[in-house]
Amino acid sequence: MVSRLDRGGGGERGGARVSQRSRLSPKMENFKRCFVMWLSEGKDKMAMDYFRAMMLEGLQLGEGKGLPPEYRPDGQMLDEYFRTLARSYRMQEAALYDGVDADAQRASTPRAGPPGSTPTAGASGSSSSSGSGRDGGGRGSIRVGTRWTGPARESLSAWAKAYGAELEQAMAWCRAAGHSPSAPMYAQLLRAYRRSQDVEHVDSTLASMQAHGHVPTFPARLNALMAHLESGRLPSAWAQLKPLMGKAGSGGVDGTVGVDPHTEQLRGAVASLLRRAISAGERDLAAEVQAELVSRGTDLGPKAMIDCLMAAAHAGNTALARMYVEALGSSGGSSSSGGSSSSGNAESAAITVEGEAVKEDGEASEADPTAEATGAAPPLVRPLNYAVRVDESVVMMVMRSAARHAHAAEAQSLAQAAFALLERDVSGSGQAGASARAPSIEAVQLLLQAHIRVRDWRSAFASVHRLQTAVEALPSSAAARSDGGSVRSPSQRLLSPFHGLRPMCEAMMGDEATVASAYDELTRRHADGAPVTTPMLNVVLRALAGVAAPEQAVEAAGRLFEEYGSAGLAQDADSYNAVIEACVRANKLAAVQSLVGVMNSGGEASPGQLAGPPPPNSDTWDAVMRAHVAAGDADGLSLALRDALAQGVAPRTATLREGLRLAAEQGHRGAEAVFRGALQGAEARGGRGSWGHSWGGGGGGGNNKHAAAA
């Protein structure tokens, strides 16, 4: 090619097969014209291949002493080669990003909200970046939140290693030609090493860049700190990130580069660091980052706040999770601002920005009066200056995480804050045309569970009232009798001490003092004019019957049973079932049969009662059959099963097996056949009774005047 360039030729015109040496021209100016011509014609690959071949041949001839004069390109040629190389690799990177983004988009398809609500996306928590662009050759934005896993991570690493090798080679040619690599070359090399997670080369490249008189630009600094962040070196990443956190309008790194054009990228990096620190359990580092944000009057935006909230909940950091919940709840000062405006990241953030700013920028949240009591750090999360609506799925995830937390008091505090946020948002407050609704039953149950764990009976009974209100609002409960039939509806089971309220009942069974405190709370609630309902008293009744010795439990529960009328409450099937269970524990089979007879009679209300006895239900018959099993009465057991089946009740599989065992032991063929048929039918239904629960009757009890008469 040298001889052809000497004659003014170029490319592959004319001539036959000749050596690589003969196709090169020693006159670099002539080659430069050809090189520029190829680039202008869009023949980037041809231009790069010839340039690369010429440099390699020159280095070979130079024998380690640099490029010979006839092979030395000028700075313009090197810059053009670098730009072409960067453009080629950016196109490859863009294809990788598009593939990952498409996968992420499919995995986080927005879910429609409830009728009348503002549509929000499901909480993916995948990205903590406020911006989502790509960093180009020193001018584009830095993407800091894309998740790279599995094959995508391997593809990106292979791309980065190839790009880094090409850049190192181009910089070596610069030095061999007597030129110093430019700052954009160093910046792109930092970027390539970051993508390949080669932190050591990132640090050495940044040091070399500064040693050669180049002041690192903001993108170069950000790529360097993101390399530390993405490799899990959080303290060193924070050491590099903190100097970049200058306020808008002030000088940036080294006082030479303004931060304003890169605010979104900087916020994304801070959010990514904070989320990773929380997830890794680096509580001191997370607190330091939060304190720095508050001191600068800076917030990360709703998307990042929700990401950090989810990270704190998953990591079991209930104190920090509560701070985020309270900050989101108090953002904007009020959630009742009229109208709603969309946010640029509302869909991906699982939030909707509403109204206008109503707080002065820089105002921090007030101190939490419970912080000292719970051992939590002072609040370090700054509320946003506009109202937000958090997706219900995010709040539910936080409440479920609180339910699993070992520290009951902290879990209760988080659950209360999360429920308050959920109650505000699902009520339609601040949304034009939104229909108000109550939090879901699951949310109320999670709140109730948090109160039960700390034995906060006042709050627990308030949650039971919430639950009862929510159950009564269900469409199916409008047609269901409150005292239940033989087969119980799902809504009735939610308020039963044998099913939905069983955890609360069992928590009271720790000792008699616990039951007494719960009863005192009900008495105080009644005196204060707060609603006291039959399900509330049923829980105390069953707990009282289960905590004492059998004989004492029958007497104590009988007295409490008589108090329903004085409290203005009607006994339901659960009230009678608690009494029946007490009689079962005390081996009072005659009393059990008498109570069931009263329930089957459908008679008028006795003096002091507001309603007649309810019919037996599934729990009733299960307790009756267990009483016959305990007494070894196969005949009575068979009759009880026939009565239950006649009322459309199929007892629990475990009870049927006990009955079958007793009948077989006593050689009662008729009872054995009945139980075998019932057991086959129960197993065909999946091993459950007609009420669809595997929960049985457990300890508990009570008595009334009917049992006493029996």
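**Labels and their grounds**

Analyst: Phe31 has a relative accessibility of 0%, so Phe31 counts as buried. This is a predicted model.

User: What makes Phe35 buried or exposed?

Analyst: Buried means under 20% relative accessible area. Phe35 has 1%, so Phe35 counts as buried.

User: Why is the pair of Phe31 and Phe35 called stacked?

Analyst: By the ring rule there are twelve aromatic pairs. The ring centres of Phe31 and Phe35 are 6.2 Å apart, and a pair needs centres within 6.5 Å. Their planes stand at 25°, and under 30 degrees counts as stacked, so this pair is stacked. Both residues lie in helix α2 (residues 28-40), four residues apart, about one turn of the helix. An α-helix has 3.6 residues a turn, so residues three or four places apart point the same way.

User: Which residues do the ring pairs link into a cluster with Phe31 and Phe35?

Analyst: The cluster also holds Trp38, Tyr50, Phe51, Tyr81 and Trp173.

User: What makes Asp49 and Lys45 a salt bridge?

Analyst: The N to O distance is 2.9 Å. The cut-off is 4 Å, so the pair qualifies. Asp49 and Lys45 both lie in helix α3 (residues 44-62), four residues apart. Asp49 has a relative accessible area of 33%, so Asp49 is partly exposed. Lys45 reaches 62%, and over 50% is exposed, so Lys45 counts as exposed.

User: How do you know that Glu166 and Arg52 form a salt bridge, and what does the pair tie together?

Analyst: Their closest N and O atoms are 3.6 Å apart, and the limit is 4 Å. Glu166 lies in helix α5 (residues 150-176) and Arg52 in helix α3, so the pair ties together parts that are 114 residues apart in sequence. Glu166 and Arg52 are both buried.

User: What ties helix α19 to helix α22?

Analyst: The side chains of Arg458 and Glu521 meet in a salt bridge, 3.1 Å from N to O. Arg458 lies in α19 (residues 457-472) and Glu521 in α22 (residues 512-527), so the pair ties together parts that are 63 residues apart in sequence. Arg458 is at 47% relative accessibility, so Arg458 counts as partly exposed. Glu521 is at 10%, so Glu521 counts as buried. Elsewhere, salt bridges that share partners join Arg542, Glu581, Asp622, Arg626 and Arg652 into one network. The structure holds 30 salt bridges.

User: How do you know that the span of helix α11 agrees with its length in residues?

Analyst: Helix α11 (residues 283-295) has 13 residues. At 1.5 Å a residue, α11 should span 18 Å. Its end C-alpha atoms are 18 Å apart, so the two agree.

User: Why do the buried residues of α11 count as lining one face?

Analyst: The buried residues are Leu285, Ala286, Val289, Gln290, Glu292 and Leu293. Seen down the axis of α11, they fall within an arc of 160°, so they line one face of the helix. They pack against α9 (234-241), α10 (263-279) and α13 (318-330). On the other side of α11, Asp284 and Ser295 are exposed. Gly297 follows α11, with a positive phi near 65°.

Definitions and conventions:
Residues numbered from 1 in each chain as written. Predicted model: local features only at pLDDT ≥ 70, side-chain atom pairs only at ≥ 80, totals over all residues. Heavy atoms only, no water. Helix = DSSP H or I, 4+ residues; strand = E, 2+ residues; numbered from the N terminus. Buried < 20%, exposed > 50% of the residue type's maximum accessible area, 1.4 Å probe, protein only. Expected span 1.5 Å × (residues − 1). Arc of directions from axis to C-beta. Contact = heavy atoms within 4.5 Å. Phe/Tyr/Trp six-rings, centres within 6.5 Å; stacked < 30°, edge-to-face > 60°.
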